[in-house]
Amino acid sequence: MNFRQIAIALLSLLAGALVYLADRPPEATWFVQNLPFNLSLHDYAGGFLGGLGKFLPAFVHVFSFSVLTAAVLGESRIIRLNACLFWLVADTAFELGQKFPQQAVKLVPGWFSQVPILDQTSHYFMNGSYHPLDVLAGVAGAAAAYFILSITKQSHPSKQSQPINLHDQQEEGIA
């Protein structure tokens, strides 16, 4: 696991949550609306991101979950690529579900209604709004995630995690 990448992913998720807390009205965000206390900052900072605030969550979602997934699964190029593509496809599918809500709701399994958070899936499709820039933001999030994953990969495992090899130590003049 790459803890630097995990930290980047968690910090970006926090930034995404702040968008919902500050830039969106509380009644428009499920997790803010259902808190037992008012955590919304919308009255103080609403709209501070301008148009960017509409599309930033799509970027952050794909970026954060791509980085987090690859950080946990491994650092190979194929894992990085697959993590980014998986979250881009997932995000795009949900965006298309907002464009075609009737069809999307038919695909939601009935048992979702019994699971907290998943029980909001149909509501998300029926009340969400599709915008092609959300899809573009997801593409940008996947590209940014791949870039960050590539430059933050651990180039060499630490010497402490490598098994001791007496022959290598003799060649290096250690033993």
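Between which two helices does the loop that holds Ile117 lie? Ile117 lies between helix H6 (101-107) and helix H7 (121-127); helices (H or I, at least four residues) are DSSP runs, numbered from the N terminus. The model is predicted, so local features need pLDDT of at least 70 and side-chain atom pairs count only at pLDDT 80 or more, while totals for chains, interfaces and linings use all residues. Residues are numbered from 1 along each chain as its sequence is written, and side-chain values use heavy atoms, with hydrogens and water left out.

Ile117 has a positive phi of about 80° and is not a glycine. Most residues other than glycine have a negative phi. Ile117 counts as exposed because its relative accessibility is 55%. Here buried means under 20% relative accessible area, exposed over 50%, and partly exposed in between (1.4 Å probe, protein chains only).

**Helix H8 and its surroundings**

Helix H8 spans residues 132-151, and its 20 residues reach 29 Å from the first C-alpha to the last, close to the 28 Å expected at 1.5 Å a residue. The expected span is 1.5 Å times one less than the number of residues. The buried residues of H8 are Asp134, Val135, Ala137, Gly138, Gly141, Ala142, Ala145, Ile148 and Leu149. These residues lie on the same side of H8 because they cover an arc of only 155° around the axis, taken from the directions from the helix axis to the C-beta atoms. An α-helix has 3.6 residues a turn, so residues three or four places apart point the same way. Leu136, Phe147 and Ile151 are exposed on the face turned away from the buried side of H8.

Helices H1 (3-23), H4 (52-73) and H5 (77-99) are among the elements that cover the buried residues of H8. In H1, the buried residues include Gln5, Ile6 and Ala9. Asn2 caps the N-terminal end of H1, with a side-chain oxygen 3.1 Å from the backbone nitrogen of Arg4.

Thr152 lies in the loop between H8 and helix H9 (166-172), and counts as buried because its relative accessibility is 7%. Its side chain makes a polar contact (a pair of N or O atoms within 3.5 Å; within protein, one must be able to donate a hydrogen and the other to accept it, and residues adjacent in sequence count only if both atoms are side-chain atoms) with the side chain of Gln5, at 3.0 Å. Beyond its neighbours within four places in sequence, Thr152 is in contact with Asn2, Arg4, Gln5, Ile8 and Glu75; contact means heavy atoms within 4.5 Å.

**Nonpolar core**

The largest nonpolar core has 14 residues, of which Val62, Phe63, Val67, Cys84, Ala142, Ala145 and Leu149 touch the most other members. H4, H5 and H8 each supply at least two residues of this core, and H5 gives the most, with five. Such a core is a set of buried Ala, Val, Leu, Ile, Met, Phe, Trp, Tyr and Cys residues joined through side-chain atoms within 4.5 Å.

**Aromatic pairs**

The structure holds seven aromatic pairs. Rings of Phe, Tyr and Trp (its six-membered ring) pair if their centres lie within 6.5 Å; planes under 30 degrees apart count as stacked, over 60 as edge-to-face and the rest as tilted. Two of the pairs are tabulated.

| Pair | Centre to centre | Angle between planes | Type |
|---|---|---|---|
| Trp111 and Phe112 | 4.7 Å | 75° | edge-to-face |
| Tyr124 and Phe125 | 5.6 Å | 65° | edge-to-face |

Trp111 is exposed at 54% relative accessible area, whereas Phe112 is buried at 17%. Tyr124 is partly exposed at 33%, and Phe125 is buried at 7%. Phe65, Phe86 and Trp87 form one aromatic cluster.
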